[in-house]
Amino acid sequence: MTALDVPAWIARAAERIAADADRLTRLDAAIGDGDHGHNLRRGFAAAAAALPGDGPPGRALIAAGRALVAQTGGASGPLYGTALRRAGKALGDAPEADAAGLAAALRAALDGVRELGGAAEGDKTMVDALAPAVAAYTEAVENGATLAAAATAAASAAERGAEATVPLRARKGRASYLGDRSVGHPDPGAASTALLLRALADTAGEEP
Amino acid sequence: MIGIVLVSHSRALAEGAAELARTLGGGRAVVHAAGGDADGGLGTSPELVEAAIAAADDGDGVVLLADLGSSVLTCKLAAEDAAGRVALADAPFVEGAVAAASLAAAGADLAAVRAAAEDARNHRKIS
């Protein structure tokens, strides 16, 4: 497989978010406002429903991002919506999302999230999963890995990054008001980011 | 006149702050509230924010004030999408709204209204 089926990725992401929505909401109840899984399930269902039937994959990402912003509720809507819109703009009107194109798209998504949310690595946010995922993906592609192998490396890096938020003290979002009491819990945004990257690996690994 | 939109997770908070800002702004300021989610519960509705911006804008521009989290991010996106016409003030919600309404009613431009809201952060309440 040399190109990613972008609509299939968004559909798979919606499935994974729906399957883990209760877990995400439980994580969020510990240090946030307890709506992350519920919000994202609604947002990604809307994103999957907003996918155009055909056209370039960049357009599909922009449509999905718009739907996320409009329908998610909570801070994750603007953040994930911006990530997908920026990724879509990076792909432009390219007819397919190949390994190199996806590297640029993932980088643009990370930049968009950092810019909008103002979070850096170590702040106990989705950036702690997304940044290592983008780095792992980019490194794999530069070393000649296939899209599927690079996506799997990204998913594993995102999962490790999400797990590594447990000892961190939150510096962004509602959890930051808790100060040291946020230590010992994983960040729900990093956990949902890991699901999105795992959905990417699922999709990239399937034969067309 | 520059319009002002107050975005809060709570409809009651947004409407109360808007009433206060409108009154302390001499009754002339145009202040709209976009509070809560689409069903009136706690949250942020991009749709309500967009509608409030449209209602507050007479062509001169709109300054946004947001309370927390998703309200701030939703306003940042709205300001980004309408750069030059809509600006988000990094300001305390109530004091910033009152300061912005006062300046807007006095005929100040977008940059001055936003600056007044942001300067409200420096006003001490005690001593």
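UniProt positions are given here in the numbering used for this structure, and such annotations may be inferred rather than shown by experiment. Keep in mind, too, that the model is predicted.

**Exercise 1.** Find which residues of chain A UniProt assigns to a domain, and describe that span.

*Solution.* Start with the record: an unreviewed UniProt entry places "domain: DhaL" at residues 4–202 of chain A. Next, look at the make-up of residues 4–202, which are 69% helix and 2% strand.

**Exercise 2.** Work out how much area is buried between chain A and chain B, and which residues of chain A lose the most.

*Solution.* First count the residues: 14 of chain A are in contact with 11 of chain B. Then take the buried area, about 910 Å², with carbon and sulfur atoms giving 61% of it. On the chain A side, A:P78, A:R85 and A:L116 lose the most area to chain B, together 42% of what that side buries.

**Exercise 3.** Decide why A:R85 and B:D81 count as a salt bridge, then see which elements of chain A touch chain B.

*Solution.* The closest N and O atoms of A:R85 and B:D81 are 3.4 Å apart. The cut-off is 4 Å, so the pair qualifies. In total, the count between the two chains is 2 salt bridges, and 3 residue pairs are in polar contact across the interface. Now turn to the elements: α4 (57–71), α5 (76–91) and α6 (99–117) of chain A each give two or more residues to the side that touches chain B. The largest share, 5 residues, comes from α5(A).

Note on methods. Residues numbered from 1 in each chain as written. Chains lettered and ligands numbered in written order. Predicted model: local features only at pLDDT ≥ 70, side-chain atom pairs only at ≥ 80, totals over all residues. Heavy atoms only, no water. Contact = heavy atoms within 4.5 Å. Buried area = accessible area lost by both parts, 1.4 Å probe. Salt bridge = Lys/Arg side-chain N within 4 Å of Asp/Glu carboxyl O. Polar contact = N/O pair within 3.5 Å; in protein donor to acceptor, adjacent residues only side chain to side chain. Helix = DSSP H or I, 4+ residues; strand = E, 2+ residues; numbered from the N terminus.
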